[in-house]
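Please open the model in a viewer and keep the selection panel at hand.

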Amino acid sequence: MIKANTKVIISDLDGTLLNQHHVISDYTKSVFQELHQQEYLIVVATGRHHLDAMPLVDKLEVPLYLVTSNGARIHSPDKELIFSVNMDPDAIKSILSMDIDPDITTVLFKEEFWQTNIHNEKLNSFSKEVTYHRELVNFDELEDFEAIKIFFTHENQEKLMAVRDLILEHHPETFNHAFSLPICLEFMDKNVDKSHAIAKILEKENLDFSHTISFGDGFNDEMMLVTSGKGLIMGNAPAALKNKLPHMEVIATNHEDGVANYLSDLLLKN
């Protein structure tokens with residue numbers, strides 16, 4: 001029944017569609033081109049900014065809906081911006097005024113560039129070609145607090161959990177938040193989630209979640225996975241996500257082309 005009902009393929013990007021080198025493999029590209037030929041609707045949903053994500057998904061060479069910044073932006077297959085929401089600037093100002101450990105890398109996702117307090121090489125390595133440019137800033141001197149999302153990263157997850165608890169103590173109802181990776185904590189507007197953005201796309205296409213199959217590896221994928229007709233967790237996902245969704249099937253890792261192999265076996269092979 002899954003094969004007969006599936007009309008929409010939804011995939012996260014980092015740790016899912018991208019391999020360990022942060023690129024889409026030639027094999028994954030070939031599978032998605034065949035899926036497009038067979039008229040499946042393709043949606044890529046990522047925490048990345050659209051300027052960062054577009055050159056990555058362009059490698060697939062198929063038309064697709066692109067959900068970025070965890071659902072704060074939707075671009076149509078012809079790359080038209082069809083949905084957009086930012087965070088409340090006063091709420092961002094409030095977060096940046098808190099006593100956050102200075103060792104934590106803080107990032108503001110702006111429309112045309114990203115602002116950060118620390119030059120973080122690991123963060124920079126996620127982009128092979130730079131299309132979304134960085135600005136090193138002192139947040140104490142910032143005057144423009146307009147942003148799509150705010151992002152924190154540190155190798156010690158306990159430090160990030162302390163930041164999460166601090167923000168939620170002051171703003172219990174203001175934000176949606178998620179660990180996209182164990183070392184990456186993201187805060188968005190409370191109405192922003194990948195699943196909410198995908199629902200808008202499905203409505204536009206006269207489809208619903210029963211027609212979808214989705215793939216993800218992070219807690220920012222959780223609602224998307226749970227809501228889909230079939231949700232698949234990547235083998236490289238953190239144990240905490242697998243344990244939280246024990247009923248959900250776990251497939252091969254991203255560096256084993258887990259998404260492409262699963263889709264090939266389920267939808268393309270006779």
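A crossover is termed right-handed if, with the strands pointing away from the viewer, the path from the first strand over the helix to the second runs clockwise. Helices (H or I, at least four residues) and strands (E, at least two) are DSSP runs, numbered from the N terminus. The model is predicted: local features need pLDDT of at least 70, side-chain atom pairs count only at pLDDT 80 or more, and totals for chains, interfaces and linings use all residues. Residues are numbered from 1 along each chain as its sequence is written, and side-chain values use heavy atoms, with hydrogens and water left out.

Select S2, H4 (residues 50-57) and S3, which form a right-handed β-α-β unit.

Five of its five residues are buried (under 20% relative accessible area, 1.4 Å probe, protein chains only), so the strand is largely enclosed by the rest of the structure. Leu41, Val43 and Ala45 point one way, Ile42 and Val44 the other.

S1 (residues 8-11) runs parallel to S2 and is joined to it by four bridges, with Ile9 partnered by Ile42. S3 (residues 65-68) also pairs with S2 in the parallel sense, over three bridges; here Val43 stands opposite Tyr65.

Move to H3 (residues 26-37), where Thr28, Val31, Phe32 and Leu35 are buried. They cover an arc of only 95° around the axis (taken from the directions from the helix axis to the C-beta atoms), which puts them on the same side of H3. On the other side, Asp26 and Gln37 are exposed (over 50%). Finally, select Glu39, which follows H3 and has a positive phi, near 70°.

Technical notes
Two strands pair if DSSP finds at least two bridges between them.
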